[in-house]
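Welcome, and thanks for taking a look. Please open the sequence and the model side by side before reading on.

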Amino acid sequence: MRYGYWAPVFGGWLRNVDDEREASWENLSRLVRRSEEIGWDLTLIAELNLNDIKGIEAPALDAWSSAAALAAVTRSIELMVAVRPNFHQPALFAKQAANIDRISDGRLSLNVVSSWWAKEAESYGLQFDQHDDRYARTDEWLEVLERLWTERRSDFTGRLYQLRDAIVEPKPVASAARPRPIVYAGGESESAKALIARRCDAYVMHGDDPVHVAAKIADMRERREVLGLPPMTFGMAGYAIVRDTQAEAERELERITTIPGLAEGRPPAGFANFDQWISGTELERELKIREYSVSNRGLRPGFVGTPEQLEARIQEFEAAGVDLLLLQMSPQEEEMERFAAQVIRRSQFA
């Protein structure tokens, strides 16, 4: 199993806890540099211009300038940076990302997100596509990237993008195992899964129990086989609480899932964004209101308990086919230290 975490570009990942650390370069860079030292493999840097977790007026760090800076001050960690095709003209993005990949010596990967947040698009004057149109844009956008990163000169005529004799040099770091940056993506609609099976290298999932995750992995593996493409890797989001006893872990779970003001009709600042996300996506299973406090259905995998319990649970997901965990926790620095010492290192020496 590889272990990744969500970088604190929004300050923290709990919607109803307001005393997490602020979103700042100092906090971000310190945490990511330390994570390399204690055994983390990957960090996911989310891309939103508005803060989806703490409310739209709260600070949110820019993903791609942060990624470039992190590439220069880290040595080994994979930098998986989210990218929303409607935010970026693909040829210019291909140039930018190739340069960051060179700075990092081949540690850049993409998490391609087909945008869902209409409010953000409106605020920034961006094109906002309806559901299936998002994936049509992403499909064409990824084809442009593939050509620019693998061909010396590129011509392209598509519905949305046109190139004439385009050149991207230097290209990303390339090897037999990694001819270009790895492309991760997630989605549960038929449009999303068809696109990901055809265009991407890895499928990332919201948190869920091992049975449902195993079914999703089996489906994507079958799609790849039908297309005659190499096997994918599979990642899953989760929220982790590790304590010496189950009772301590449950007390922490109660703390983070209590939503202040909801019963009185005064929900936290980010609640309206959560409501819009539910209405704007095609989810396979119903979301519970308790999951508002933790994004990406992070509580469903059940990573709450003692080190031994988490280790056993992680083994269930390995058996289901998961290769990478993308974890959130809070307060992040302290909890990442605890998780590394009590779970990652245990698994390395098991």
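What follows is a short tour of open spaces, charged pairs and backbone details.

## Ground rules

This is a predicted model, in which local features need pLDDT of at least 70, side-chain atom pairs count only at pLDDT 80 or more, and totals for chains, interfaces and linings use all residues. Residues are numbered from 1 along each chain as its sequence is written, and side-chain values use heavy atoms, with hydrogens and water left out.

## Pocket and cavities

Let's start with the open spaces. On a 1 Å grid over the protein atoms alone, a cavity is a set of points where a 1.4 Å probe fits but cannot get out, a pocket is an open set with protein on both sides within 12 Å along at least five of seven lines, and lining residues have an atom within 4 Å of a point. Grid points are joined across faces, edges and corners, and a volume is the space filled by probe spheres set on the points. The largest pocket has a volume of about 320 Å³. It is lined by 18 residues, of which Arg180, Arg199, Cys200, Asp201 and Arg224 are the closest to its centre. Helices (H or I, at least four residues) and strands (E, at least two) are DSSP runs, numbered from the N terminus. By class, the pocket lining divides into ten nonpolar, one polar and seven charged residues; here Ala, Val, Leu, Ile, Met, Phe, Trp, Tyr, Cys and Pro count as nonpolar, Asp, Glu, Lys and Arg as charged, and the others, Gly among them, as polar.

The whole structure also holds two cavities of 30 Å³ or more.

## Salt bridges

How many salt bridges does a search of the whole structure find? There are 29, counting a side-chain nitrogen of Lys or Arg within 4 Å of a carboxyl oxygen of Asp or Glu. One of them joins Arg2 and Glu78, at 3.0 Å from N to O. Arg2 is in strand 1 (residues 2–6) and Glu78 in strand 3 (residues 78–83), so this pair ties together parts that are 76 residues apart in sequence. Arg2 is partly exposed at 31% relative accessible area, while Glu78 is buried at 11% (buried means under 20%, exposed over 50%, partly exposed in between, with a 1.4 Å probe and protein chains only).

Glu36 and Arg75 form another salt bridge, with their closest N and O atoms 4.0 Å apart. Glu36 lies in helix 1 (residues 25–38) and Arg75 in the loop between helix 2 (63–73) and strand 3, so the pair links parts 39 residues apart in sequence. Glu36 is buried, with a relative accessible area of 10%, whereas Arg75 is exposed at 64%. In the salt bridge of Asp208 and Lys216, the closest N and O atoms are 3.7 Å apart, and both residues are buried. Elsewhere, salt bridges that share partners join Asp139, Glu143, Arg147, Arg198 and Arg199 into one network.

## A buried charge without a partner

Glu120 sits in helix 4 (residues 118–124). This residue is buried yet has no salt bridge, and the nearest side chain of opposite charge, Arg84, is 4.9 Å away (Lys and Arg count as positive and Asp and Glu as negative; His and the chain ends are not counted). The side chain of Glu120 does reach the backbone nitrogen of Leu50, at 3.3 Å.

## Backbone details

Most residues other than glycine have a negative phi, and most peptide bonds are trans. Against that background, a cis peptide bond joins Glu169 and Pro170, with omega about -5°. Pro170 is in the loop between strand 6 and strand 7 (183–185). A cis peptide bond also joins Ser330 and Pro331, with omega about -10°; Pro331 lies in the loop between strand 12 (324–328) and helix 11 (332–348).

Asp105, although not a glycine, has a positive phi of about 60°. This residue lies in the loop between helix 3 (90–103) and strand 4 (108–112) and is exposed, with a relative accessible area of 62%. Arg297 is not a glycine either, and has a positive phi of about 55°. Its place is the loop between helix 9 (271–279) and strand 11 (304–305), where Arg297 counts as buried at 2% relative accessibility.

Note on methods. Polar contact = N/O pair within 3.5 Å; in protein donor to acceptor, adjacent residues only side chain to side chain.
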